[in-house]
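Here is a friendly note to read alongside the structure. The points below can be taken one at a time.

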Amino acid sequence: MAEQVVQFTAVSAGQFAVGTRGEIAVPAPARTSAGLHRDTRVAIVAVPRRQVLIVHPPALLTGLLAAHYLATGADQP
């Protein structure tokens, strides 16, 4: 299964909240679809104007960066 991003949107009647240690609970189905496992490091991008947090799994970031460098020719010496 291809890894996907997980997106969190702020809503006042939301089911989840940021914990006392600053953690965010990611429901099991979302973790599975994103390929996230215990101790997986992720990149979180905040889009304040839209009140959104986007969680990017490592393999997805690697693919996006590789595609970027191939497209720009930056991978050539």
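1. Helix α2 covers residues 58–72, and at 1.5 Å a residue its 15 residues should span 21 Å; the C-alpha atoms at its ends are 21 Å apart, which agrees. The expected span is taken as 1.5 Å times one less than the number of residues. Helices here are DSSP runs of H or I with at least four residues, strands are runs of E with at least two, and both are numbered from the N terminus. After α2 comes G73, with a positive phi near 75°.

2. A word on the model itself. This is a predicted model, in which local features need pLDDT of at least 70 and side-chain atom pairs count only at pLDDT 80 or more, while totals for chains, interfaces and linings use all residues. Residues are numbered from 1 along each chain as its sequence is written, and side-chain values use heavy atoms, with hydrogens and water left out.

3. Next, the sheet. Three strands make an open sheet in the order β1-β3-β2, with antiparallel pairing; two strands pair if DSSP finds at least two bridges between them. The edges are taken by β1 and β2 (43–47), each with a single partner strand, so one side of each has no neighbour in the sheet. On average, neighbouring strands are turned by 20° against each other, direction ignored; the axes behind such angles are lines fitted to C-alpha atoms, and angles run from 0 to 180 degrees between N-to-C directions.

4. Now the bridges. β2 and β3 run antiparallel and are joined by five bridges, and V47 stands opposite V52 in β3. β1 and β3 also pair in the antiparallel sense, over four bridges. I54 of β3 is the bridge partner of Q7, and I54 is the bridge partner of V45 as well.

5. Is β3 enclosed or open? Four of its five residues are buried, so β3 is largely enclosed by the rest of the structure. Buried means under 20% relative accessible area, exposed over 50%, and partly exposed in between, using a 1.4 Å probe and protein chains only.

6. Two loop residues deserve a look. Q51 lies in the loop between β2 and β3, which form a hairpin with four residues between them. Phi of Q51 is positive, near 50°, in a residue other than glycine, and Q51 is exposed at 52% relative accessible area. D39 sits in the loop between α1 (28–34) and β2. The phi of D39 is positive too, near 70°, and D39 is exposed, with a relative accessible area of 69%.

7. Finally, the pockets. The largest pocket holds about 350 Å³ of space. A pocket is an open set of points on a 1 Å grid over the protein atoms alone, where a 1.4 Å probe fits and protein lies on both sides within 12 Å along at least five of seven lines; lining residues have an atom within 4 Å of a point. Of its 13 lining residues, I24, V26, L36, T40 and V42 lie nearest the centre of the largest pocket. This lining divides into eight nonpolar, three polar and two charged residues.

8. The second largest pocket holds about 280 Å³. It is lined by 14 residues, with F8, T9, A10, V11 and F16 the closest to its centre. β1 (6–9) and β3 (52–56) are the elements that give two or more residues to this lining, and β1 gives the most, with three. Nine residues of this lining are nonpolar, five are polar and none is charged.

Definitions and conventions
Grid points are joined across faces, edges and corners, and a volume is the space filled by probe spheres set on the points. Ala, Val, Leu, Ile, Met, Phe, Trp, Tyr, Cys and Pro count as nonpolar, Asp, Glu, Lys and Arg as charged, and the others, Gly among them, as polar.
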